[in-house]
Amino acid sequence: MSPAEAPAVTVRKKPLDYEVTVTDVRMETHDTATLYLDFGGAPVEYKAGQFINIDPHQFPALRTLAAFLQEQKGRRELFRSYSMSSAPHEPQVAITVKDEEYTPGITKYPALLAPYLIHGRLKGARIKVQGFMGPYTLPDDVQERTDHIVHIVAGSGAVPNFAILKDALHRGLKLRHTVLCSNKTAADMLFGAELDKLEAAHPDTVRVLHTLTRETDESRFGPKVRKGRISQALLEELIPDRQTCLVYACGPAITAWDRRKAMETRTPATPRFIEAVLGHLHTLGVEDKRIKRETYG
């Protein structure tokens, strides 16, 4: 077989280790912050939607909590992954981190790294990161596959999709974007003002809607902000081209702990955002091959 006939081989780049400077920490909501990272002139190549890893063991302030959690879990604490909210054309790499609420009896363990990144006053600090990783990106031939990207996100699931949207618009890709964000309250909405600006600047290609599940202020609701969870009816309204669109869904999913607890109690694990959204999409006839998903929890 000649080289011209040989099948293409995808070569995955090994993640690289970097030491970066946190140039700024900007609070987005009461429990979410964006950290801007300066790579000091090192070559930075990544795709919108990818993430970096951070090792919690590098921070002396976390050693005691890390040791406690390792004793409880019976294993070493792992790297934590954070999606980039920046797009490759932007001058600084940025990650947006949401705190992980600990609820006794529901949450298995308290968060280790996220609270420190958000509240640890790290502006000016040097930290080690590993990047860049993740397949949650637009395919190179996306314009041949579809003309409509549907972003369905919850909470910090908006982070990689925000980067993907900015990147697609910057590159002038001939795509329409429907962005559907689910949050508890209006105060929890990530990138609300930025998304509004992108929609205003690209009225023919960007449509943004929000759903709020626990908002008590009725004045917050309107044509662009709906009450309740993302429903099948809403998805049916927003996705008329269900055979040709591509869906990028990101949000909380059933955790390994949830599954283990369900097996122990012999009760089904309660579906979370991703499971609910996938169920709606499949019922509407969106094929699984047209759905890209990324989960956390």
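The model is predicted: local features need pLDDT of at least 70, side-chain atom pairs count only at pLDDT 80 or more, and totals for chains, interfaces and linings use all residues. Residues are numbered from 1 along each chain as its sequence is written, and side-chain values use heavy atoms, with hydrogens and water left out.

Helices (H or I, at least four residues) and strands (E, at least two) are DSSP runs numbered from the N terminus. Helix α4 comprises 13 residues, 158–170, and reaches 18 Å from its first C-alpha to its last, close to the 18 Å expected at 1.5 Å a residue; the expected span is 1.5 Å times one less than the number of residues. Twelve of the 13 residues of α4 are buried, where buried means under 20% relative accessible area, exposed over 50% and partly exposed in between (1.4 Å probe, protein chains only). Among them are Val159, Phe162, Ile164 and Leu165, and also Lys166 and Asp167. After α4 comes Gly172, with a positive phi near 70 degrees.

The structure holds seven aromatic pairs. Rings of Phe, Tyr and Trp (its six-membered ring) pair if their centres lie within 6.5 Å; planes under 30 degrees apart count as stacked, over 60 as edge-to-face and the rest as tilted. Phe39 and Phe132 form a tilted pair, 5.8 Å centre to centre with 35 degrees between the planes. This pair links the loop between β2 and β3, which holds Phe39, to strand β6, which holds Phe132, 93 residues apart. Phe39 is buried at 8% relative accessible area, and Phe132 is buried at 10%. Tyr136 and Tyr248 pair edge-to-face, at 5.3 Å and 65 degrees, linking the loop between β6 and α3 to strand β11 across 112 residues. Ring pairs also link Tyr18, Phe39, Tyr46 and Phe132 into a cluster.

Side chains of opposite charge can pair when their charged atoms come close. With a salt bridge taken as a side-chain nitrogen of Lys or Arg within 4 Å of a carboxyl oxygen of Asp or Glu, the count comes to 20. Glu19 and Arg126 meet at 3.6 Å, N to O, linking strands β1 and β6 across 107 residues. Glu19 is partly exposed at 41%, as is Arg126 at 46%. Glu101 and Lys184 form a salt bridge at 3.9 Å. Glu101 lies in the loop between β5 and α2 and Lys184 in the loop between β8 and α5, so the pair ties together parts 83 residues apart in sequence. Finally, Arg26, Glu28 and Glu194 are linked in a network of salt bridges.
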